[in-house]
Amino acid sequence: MNGSTTRLYGAAIAITSGVYSLVSATVGGTMGTTGLGIAGWLMLAIGVVVVVHGVALVTPAADRIGSASGPLMIAYSLVMLLLQALGATGMTGRTGMTGGMGAGMGSTGGMGSTATAGMGWDLGMVALATLMLFSGIVMTTRDAGDGGM
């Protein structure tokens with residue numbers, strides 16, 4: 001995967017997802033009024049690791065990571081999706097729309113709140129985690145001889 005387009009796409013997805021995780025965990029609503037909960041700390045840790053992994057993919061360290069990069073991205077994405085599913089069920093202490101989509105929309109009766117009331121999903125995070133999952137699958141299934149796209 002040295003220098004391949006797949007690796008560069010993977011790096012872009014990892015860095016974007018990691019930064020989004022960091023922002024989401026700190027200012028996106030998971031902190032709440034009582035501080036950073038377990039899910040927030042986990043998302044913060046995942047965000048840091050994913051950003052570092054993404055940066056490593058555009059450096060010579062990518063050769064040392066080798067074939068582990070795809071499975072790592074799959075694992076990160078599954079943790080992100082699991083946290084979103086737990087947030088949607090209220091198991092991570094996040095309630096309603098304040099879990100990542102912003103306060104003020106969940107129970108105010110405003111337009112759109114009927115369809116999303118009680119929904120703890122951060123749809124941006126779900127989209128990025130899904131993209132990361134597919135990127136990890138592509139990175140895992142491609143041979144070193146496949147080259148760029």
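**Surface, core and helices**

Mentor: We can begin with Val58, which sits in the loop between α2 and α3 (62-65). Helices here are DSSP runs of H or I with at least four residues, strands are E runs of at least two, and both are numbered from the N terminus. This is a predicted model, in which local features need pLDDT of at least 70 and side-chain atom pairs count only at pLDDT 80 or more, while totals for chains, interfaces and linings use all residues. Residues are numbered from 1 along each chain as its sequence is written, and side-chain values use heavy atoms, with hydrogens and water left out.

Trainee: Is Val58 buried, exposed or partly exposed, and which is it?

Mentor: Val58 is partly exposed, because its relative accessible area is 47%; buried means under 20%, exposed over 50%, and partly exposed in between, with a 1.4 Å probe and protein chains only.

Trainee: What does UniProt list as "transmembrane region"?

Mentor: The unreviewed UniProt entry lists residues 12-32, 38-58, 70-91 and 119-139. Such annotations may be inferred rather than shown by experiment, and their positions are given in the numbering used here. In the model, residues 38-58 are 90% helix and 0% strand, and the end C-alpha atoms of that span lie 31 Å apart.

Trainee: How many helices and strands does the chain have?

Mentor: The chain has 6 helices and 0 strands. Buried residues account for 38% of its 149 residues.

Trainee: Which residues have the most contacts inside the largest nonpolar core?

Mentor: They are Ala14, Met43, Val50, Met73, Met80 and Met132, in a core of 18 residues. The elements giving two or more residues to this core are α1 (5-26), α2 (38-56), α4 (69-88) and α6 (123-141), and α2 supplies the largest share, 5 residues. A nonpolar core is a set of buried Ala, Val, Leu, Ile, Met, Phe, Trp, Tyr and Cys residues joined through side-chain atoms within 4.5 Å.

Trainee: What does Met80 touch?

Mentor: Not counting residues up to four places away in sequence, Met80 touches Ser17, Ser21, Met43, Ile46, Val50, Met125, Ala129 and Met132. Contact means heavy atoms within 4.5 Å.

Trainee: And where is Leu81?

Mentor: Leu81 is in helix α4. Leu81 counts as partly exposed because its relative accessible area is 22%. Leaving aside neighbours within four places in sequence, Leu81 is in contact with Val126, Ala129 and Thr130.
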